[in-house]
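Subject: Structure handover

Hello,

Please find the structure below, followed by notes on what was found in it. The notes can be read alongside the model.

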Amino acid sequence: MRVTTRTFPDPQGLCPVPVTEYTLQNDHGVSVSCINYGAIITDVRMPDRNGNVESIVLRFPDLTGYIAHGSLYLGAIVGRTAGRIDNASFELNGAMYDLPKNDGENDLHGNGEFSTALWEAEVFDMVDPNVCDHRQKVSVTFFYTSPAGANGFPGEVHVEVTYVLNNNSQFEIEYRATTTEDTLFDPTNHTYFNLSGGLKRDILSQVLIADVDRFVELRDDLIPTGNILPVDGTAFDFRLGEPFSQGRASEHPQNVMVGHGYDHPFLFRDDGNHSLRMTDAVSGRVLTLTTDAPAFVMYTCNTADGSIELADGPLVSFAGAALEAQGWPDAIHLPGAPAPVLKQGKTFRRKTVWSFDLV
């Protein structure tokens, strides 16, 4: 196992300082690359059943794409809060807070603060050359301080995001944060997966298994209505495993509204860790996502038109699936939703694990 670094390409000189890419690699052909701009995951590579190592995420070849198309949040850490906040405002402890309206009348992904920040980084290596087992791991921790009042949020927030890869082909994302005042806090990672490798095919034939029986109904501006709907008998039912194509074929009003696909929160049951699984029968690749977050948002590039060029080809509809482990979007306005409030004196902790396997 090892960690390597390089200066990430910035051909247009868009960043005032050089950006560093860190690549965590294990002994089984799995690697994860990330940069200190936005703590973005720039690549994930794994072998297929024939041993061909390829990229399984949507990515840009250099910093130009990440900056020019920042609204895709490709591979980025998003926050302070993931998802949309209705009318870009909220009340907390009797005070009203106004946020930037960067998505119509709403706030989306904390106005891109975390995904465009330059984070500090520290590499950690737990590899003993005389020992070879799954406990060996390499990691990089990114540090960022969000100033009090940034994008309208109260409190100075100190954030740590640690990416850990072990020799059992498990990749962990660990979040920690503290604040000087009560504030909203609910980040996620916004990586898009496509297990075909090198974007050879779209994800329509790839299969998702997700043991969730409820999803959140959305308004046409993608803000939750407050209605929690059962998945039974709909294209939102992935409990037994279904291809992503069922969303494109569906005439359910919620699928149609977002472009015959998905851009919806799915709610896990309240039983600790939760998981979902994505598989590609052609390559044999399997991704299992396990998290202690209460929900995940699935977005499937429903209306992409091919005009954006990625490292491995054009961004087309169903080019990838973002599986965003997080709290309920707009939870501050939803009665019964898990509170998205980080209190002064408390530490926010969350972990999501991606496991890479073959069938």
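Tyr73 sits in the loop between helix 1 (63–68) and strand 6. Helices (H or I, at least four residues) and strands (E, at least two) are DSSP runs, numbered from the N terminus. Tyr73 has a positive phi of about 55°, although it is not a glycine. With a relative accessibility of 9%, Tyr73 counts as buried; here buried means under 20% relative accessible area, exposed over 50%, and partly exposed in between (1.4 Å probe, protein chains only).

This is a predicted model, in which local features need pLDDT of at least 70 and side-chain atom pairs count only at pLDDT 80 or more, while totals for chains, interfaces and linings use all residues. Residues are numbered from 1 along each chain as its sequence is written, and side-chain values use heavy atoms, with hydrogens and water left out.

Asn111 also has a positive phi, of about 65°, and is not a glycine. Asn111 lies in the loop between strand 10 (107–108) and helix 2 (113–116), and counts as partly exposed at 31% relative accessibility. The peptide bond from Gly79 to Arg80 is cis, with omega near 20°. Arg80 is placed in the loop between strand 6 (77–78) and strand 7 (84–85). For background, most residues other than glycine have a negative phi, and most peptide bonds are trans.

**The chain as a whole**

The protein chain has four helices and 30 strands. Its radius of gyration is 19 Å, close to the 21 Å that the globule rule gives for 359 residues, so the chain is as compact as a globular protein of that length. The radius is taken over C-alpha atoms, and the globule rule is 2.2 Å times the number of residues to the power 0.38. The C-alpha trace spans about 55 × 45 × 45 Å along its principal axes.

Of the 359 residues, 56% count as buried. The accessible surface of the protein chain comes to about 14200 Å², and 48% of this belongs to carbon and sulfur atoms (Shrake-Rupley method with a 1.4 Å probe; for residues, only the protein chains shown count as cover). Among contacts with a separation of 6 or more, 65% are accounted for by residues 24 or more positions apart; contact means heavy atoms within 4.5 Å.

**Salt bridges**

How many salt bridges does a search of the whole structure find? The search finds 22, where a salt bridge is a side-chain nitrogen of Lys or Arg within 4 Å of a carboxyl oxygen of Asp or Glu.

One of them joins the side chains of Lys351 and Glu172 (3.9 Å, N to O). Lys351 lies in strand 30 (residues 348–358) and Glu172 in strand 14 (residues 170–179), so the pair ties together parts that are 179 residues apart in sequence. Lys351 is partly exposed, with a relative accessible area of 34%, whereas Glu172 is buried, at 16%. Both residues belong to a network of salt bridges that links Glu160, Glu172, Glu174, Arg176 and Lys351. Within that network, the side chains of Arg176 and Glu174 meet at 3.6 Å, N to O. Arg176 is partly exposed, with a relative accessible area of 21%.

Lys343 and Asp182 form another salt bridge through their side chains (3.6 Å, N to O). Lys343 lies in the loop between strand 29 (341–342) and strand 30, and Asp182 in the loop between strand 14 and strand 15 (183–184), so this pair ties together parts that are 161 residues apart in sequence. Lys343 is partly exposed, at 42% relative accessible area, and Asp182 is buried, at 19%.

**Two strand residues**

Leu323 is found in strand 28 (residues 321–326) and is buried, with a relative accessible area of 4%. Leaving aside neighbours within four places in sequence, Leu323 is in contact with residues including Thr191, Phe193, Leu276, Met278 and Leu289. Its C-alpha atom is separated by 22 Å from that of Leu334, 11 residues apart along the chain.

Thr23 belongs to strand 2 (residues 20–25) and counts as buried at 14% relative accessibility. Not counting residues up to four places away in sequence, Thr23 touches Arg2, Val3, Thr4, Ser31, Val32 and Ser33. Thr23 and Ala235 are 212 residues apart in sequence and 37 Å apart in space, C-alpha to C-alpha.

Regards
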